[in-house]
Amino acid sequence: VILSQYLIVSAGLFAAGLFGVLVRRNAVLVLLSVELMLAAVNLNLVAFAANRGDVGGQIFALFVIAVAAAEVGIGLAIVLMIFRNRSSANVDEMDLMKW
Amino acid sequence: MSDWFSEPGNWWFLLLGIPMLVGAARAVTSPNIVRAVAYFVLTLGGLAGMFLLLGAEFVAWTLVLVYIGAVIVLFLIGIMITRAPLGRSVDLDHSRRWPAALISLAVFAAMSWASIDFFGDEEIVPEIAGRTGDVGESIFTRFVIPFEVVSFVLLAALIGGIVLARRDPESEEASE
């Protein structure tokens, strides 16, 4: 088992998440794509933890999971606020701060 | 390359990795919003399996509990609350996809080239670190301050979520 195979799978996940963030219009799906990118980071951290024989990488992955959970909670609350005010959750209709 | 295929761990890797990447690709391209979430569950399941392969049991089960258990439910609630179209819909994506596809392909190529170039065929020997006892011990000794900070972040997120999601009492009085 080599390290690069995990890194390549993680790069694939990250690229898929990036595509989703750029292409999706629904704010909930944008958040989901961000979670995909965070999952890729977690895979990298755990793979490096196994490579170096150090448990620190796994703990970092746990912290990333905790912060991602907080982020989803706040993010969905913000989406809910925007939906209440503008009755739409599409990111390209939020152009109030666009120059 | 034949050495690579003769190792049983790599078969498990392929068995988990291919559905995982297909799930990730479908999760960002599916025209049906609920199915996109379901494909995301598939990806997370594959990811948890990979964590198990790497000897990170505790992280794998935390991922299953926190993500597949809680975050997915939150996503589904978010979809229902914002009255997203539940069936197939054509306007879920921007009309121009090619620039985004090009950028993400370029990022994928750059990242995988960099990791192959730097790490080559460096081996992983799983299950050296990663027993759950070691994780617990390390959290409460070496990482105790970050652990407290993360719990504070969760508390702040909890309060922030309540403050954001509840209706403003003053504006409600004004409208009545």
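Which residue forms a salt bridge with Asp54(A), and how far apart are the closest N and O atoms? The partner is Arg142(B), with the closest N and O atoms 3.4 Å apart; a salt bridge here is a side-chain nitrogen of Lys or Arg within 4 Å of a carboxyl oxygen of Asp or Glu. The count between chain B and chain A is 1 salt bridge.

This is a predicted model, in which local features need pLDDT of at least 70 and side-chain atom pairs count only at pLDDT 80 or more, while totals for chains, interfaces and linings use all residues. Residues are numbered from 1 along each chain as its sequence is written, chains are lettered from A and ligands numbered from 1 in the order in which they are written, and side-chain values use heavy atoms, with hydrogens and water left out.

**The interface**

Across the interface of chain B and chain A, 8 residue pairs are in polar contact, both residues being at pLDDT 80 or more; such a contact is a pair of N or O atoms within 3.5 Å, where within protein one must be able to donate a hydrogen and the other to accept it, and residues adjacent in sequence count only if both atoms are side-chain atoms. Helices 2 to 7 of chain B each give two or more residues to the side that touches chain A, and helix 4 of chain B gives the most, with 12 residues; helices are DSSP runs (H or I, at least four residues), numbered from the N terminus. In total, 82 residues of chain B are in contact (heavy atoms within 4.5 Å) with 66 residues of chain A. The area buried between the two chains is about 6,800 Å², of which carbon and sulfur atoms give 77%; this is the accessible area (1.4 Å probe) that two parts lose on being put together, summed over both.

**Individual residues**

| Residue | Relative accessible area | Class |
|---|---|---|
| Asn26(A) | 4% | buried |
| Ser4(A) | 4% | buried |
| Val144(B) | 30% | partly exposed |

Asn26(A) lies in the loop between helix 1 (3-23) and helix 2 (27-52) of chain A, and, not counting residues up to four places away in sequence, Asn26(A) touches Ala89(A), Asn90(A), Ile33(B), Ala84(B) and Leu92(B). Ser4(A), in helix 1 of chain A, is in contact with Ser115(B), Ile116(B), Phe119(B) and Gly120(B), leaving aside neighbours within four places in sequence. Val144(B) lies in helix 7 of chain B.

Conventions: Buried < 20%, exposed > 50% of the residue type's maximum accessible area, 1.4 Å probe, protein only.
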